[in-house]
Amino acid sequence: MAIKVDWSNYSDRERKAKFTNSLTPESPYKSAGVSVLEVKKLAKTFDSDDIEINYIEDVLLKGFIIAFKKESFSEKRVNLERFYPLLVSWMVTDSVGAALSIPKKDKKIAYDYFINLTASPIPMTARFAFVVLMDHFLTADTIDEIMTKAVSVNSDNYLLKMGIAWLTSCCYIHYPEQTAKYFSMLDKELSKMAKQKCRDSKRVSLENKERLKLL
């Protein structure tokens, strides 16, 4: 029987719920008014991810339990694929993707899996794949393959495009020389979004922000 989580004991729920709901209008689940950090902390006390879904925090909790679980990637993949239909918001894809625990011995098969998953026809699943690659696999050796996948995406989905813009800005922060050429390969709207992400970032040097005008 699925576990129904009681969120009523958390403080300041009304204010937090209003804030979260304003950030995640795409989610079919409203907020219970509990912060992501509090949900993460709670997830570490659960063994089972069989959670009754009533709020976006329930979705996050289920995702974190799966992400944190110490298991082989082949086992985690099964659990993730059960979870993908619940990738209902950027908050879920980004938070769970960043929290994902992958055994060192399985890094190669996990990388190959997520590279292929970027081609998913389901926008939020593709965004999840890009977030995982950005947070766990972005290196000088992988950036070209990751960005090649990013520029090949043909979608009008705003949240997926924002995810790719975020990925591109992250690549530019760490590897500006390797990333520069990809701005012209992105569609016009996406390139504009990615450049704005770079301009907004405090981690992009003034010199590299100026360079964006030439790209």
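**Close-ups: aromatic pairs and a helix packing**

At 22% relative accessibility, Phe68 counts as partly exposed (buried is under 20% relative accessible area, exposed over 50%, partly exposed in between, using a 1.4 Å probe and protein chains only). This is a predicted model, where local features need pLDDT of at least 70 and side-chain atom pairs count only at pLDDT 80 or more, while totals for chains, interfaces and linings use all residues. Residues are numbered from 1 along each chain as its sequence is written, and side-chain values use heavy atoms, with hydrogens and water left out.

**View A. Helix α3 packs against helix α4.** The two helices, residues 56-68 and 73-83, sit at an angle of about 165° with axes 9 Å apart. That makes them roughly antiparallel (angles over 145 degrees). On the α3 side, the contacts (heavy atoms within 4.5 Å) include Val59, Ile66 and Phe68; on the α4 side, Leu80 and Phe83 are among them. By class, this contact has 6 nonpolar, 2 polar and 3 charged residues.

**View B. Trp7 and Tyr10 make a tilted aromatic pair.** Their rings are 5.8 Å centre to centre, with 45° between the planes (pairs need ring centres within 6.5 Å; planes under 30 degrees apart are stacked, over 60 edge-to-face, the rest tilted). Trp7 is buried at 2% relative accessible area, whereas Tyr10 is partly exposed at 23%.

View C. Phe64 is buried, at 0% relative accessibility.

Note on methods. Axes are lines fitted to C-alpha atoms, for helices over the stretch in contact, and angles run from 0 to 180 degrees between N-to-C directions. Helices (H or I, at least four residues) and strands (E, at least two) are DSSP runs, numbered from the N terminus. Angles under 35 degrees count as roughly parallel, over 145 as roughly antiparallel, 65 to 115 as roughly perpendicular and the rest as oblique. Ala, Val, Leu, Ile, Met, Phe, Trp, Tyr, Cys and Pro count as nonpolar, Asp, Glu, Lys and Arg as charged, and the others, Gly among them, as polar. Rings of Phe, Tyr and Trp (its six-membered ring) pair if their centres lie within 6.5 Å; planes under 30 degrees apart count as stacked, over 60 as edge-to-face and the rest as tilted.
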